[in-house]
Amino acid sequence: MNVFKEFFELPAEDKAGIYSEDLKRPCRLYTSSSNYDHENVHLWRDNLRHPCHPLEDCIKIWPLKPTRYREIVATYSIEAKKLGLRILELLSEGLGLGSGFFGDKLSDSLLLSVNHYPPCPDPSLTLGVSRHCDPNLLTILHQGDVYGLQVFKDGEWIGVEPLHNAFVVNIGHQLQIISNNKLKSAEHRAVTNSRVARTTVAFFINPSDDCVIEPDKSLIDTDESPAYKPFQFKEFLLNYSSLMGNPEKCLEPFELHA
């Protein structure tokens with residue numbers, strides 16, 4: 001967490017080289033969201049994101065400053081992937097899918113996303129991150145020690161207390177689809193504050209772009225139908241990005257209706 005905070009405290013000229021609004025650039029820093037020019041309201045955050053797997057290839061495009069960034073984040077990303085795969089293995093066992101179900105293409109991609117929220121002069125005017133569900137398979141989030149994460153439940157936003165040395169684990173849309181809605185992706189957002197900066201780090205475990213996602217047949221009861229049609233993960237990401245993560249609409253093109 002310290003090295004991420006150090007990155008955002010670097011002089012602007014040290015960060016300018018990786019600032020980009022090009023969605024295809026694998027390692028980039030940007031402000032608000034990836035659709036800045038088309039937003040109705042800008043978000044109060046800077047975001048650094050880059051892939052973490054395969055590590056030997058990805059590490060070459062990571063930030064050079066702070067000087068210990070690559071060493072520390074490499075070690076952390078290896079452990080985060082181990083934890084994510086362990087959680088997926090337990091979920092697989094709980095669903096009755098058998099060992100190794102989420103291996104290979106279903107968990108082939110690991111993406112780091114670091115959000116930095118400076119103190120906001122008027123938190124009532126904007127959010128840190130707008131409401132959404134994660135588009136991936138599983139998210140492992142360390143939210144630091146500053147309050148800001150909220151989850152939507154029973155018609156209201158509930159604050160998620162930041163616990164020291166604890167992770168928040170989010171089920172993503174792909175797990176919801178594979179489980180045929182037996183697991184649900186949690187709608188969440190981040191609010192700002194006027195007093196202190198907040199830095200959070202999330203690891204997104206994703207399927208590979210060409211991985212075909214669909215409800216697993218063993219999880220569809222005899223009296224029900226699959227809720228979603230098969231699709232490639234890259235199709236879902238394109239749709240999700242175009243809708244800016246709108247939780248009401250991003251599943252619609254893939255839903256099957258009886």
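**Exercise 1. Work out how strand 2 is joined to strand 3, then build up the sheet around the pair.**

Step 1. Strand 2 and strand 3 run antiparallel, with 6 bridges joining them. Two strands count as paired here if DSSP finds at least two bridges between them. The strands themselves are DSSP runs of E with at least two residues, while helices are runs of H or I with at least four residues, and both are numbered from the N terminus.

A quick word on what you're looking at: this is a predicted model, where local features need pLDDT of at least 70, side-chain atom pairs count only at pLDDT 80 or more, and totals for chains, interfaces and linings use all residues. Residues are numbered from 1 along each chain as its sequence is written, and side-chain values use heavy atoms, with hydrogens and water left out.

Step 2. Find some partners. His50 has Leu112 in strand 3 as its bridge partner, and Asn47 has Asn115 in strand 3.

Step 3. Look at the other side of strand 2. Strand 1 (residues 28–31) is joined to strand 2 by 4 bridges, again antiparallel. There, Tyr30 has Asn47 in strand 2 as its bridge partner.

Step 4. Contact means heavy atoms within 4.5 Å; axes are lines fitted to C-alpha atoms, for helices over the stretch in contact, and angles run from 0 to 180 degrees between N-to-C directions.

**Exercise 2. Find the order of the strands in the sheet that 4 strands form.**

Step 1. The order is 4-9-6-7, in an open sheet with antiparallel pairing.

Step 2. Strand 4 (129–132) and strand 7 (156–159) have a single partner strand each, so they are the edges, and one side of each has no neighbour in the sheet. Neighbouring strands of this sheet are turned by 25 degrees against each other on average, direction ignored.

Step 3. Zoom in on one pair. Strand 6 (residues 149–153) and strand 9 (residues 188–190) share 3 bridges in the antiparallel sense. Gln150 stands opposite Arg189 in strand 9.

**Exercise 3. Is His116 buried or exposed, and which residues is it in contact with?**

Step 1. Locate His116: it lies in strand 3 (residues 109–117).

Step 2. His116 counts as buried because its relative accessibility is 13%. The cut-offs are under 20% relative accessible area for buried, over 50% for exposed, and partly exposed in between (1.4 Å probe, protein chains only).

Step 3. Leaving aside neighbours within four places in sequence, His116 is in contact with Phe8, Trp44, Arg45, Asp46, Ala197, Arg198 and Thr199.

Step 4. Now try Phe4, which sits 112 residues from His116 along the chain: their C-alpha atoms are separated by 8.8 Å.

**Exercise 4. Where is Asn180, and where is Met244?**

Step 1. Asn180 is in the loop between helix 5 (173–178) and strand 9. Asn180 isn't a glycine, yet its phi is positive, near 55 degrees. Asn180 is buried, at 6% relative accessible area.

Step 2. Met244 is in the segment after helix 6 (233–242). Met244 isn't a glycine either, and its phi is positive at about 50 degrees. With a relative accessible area of 40%, Met244 is partly exposed.

**Exercise 5. How many helices and strands are there in the chain?**

Step 1. Count them: 6 helices and 12 strands.

Step 2. Check burial: 47% of the 258 residues are buried.
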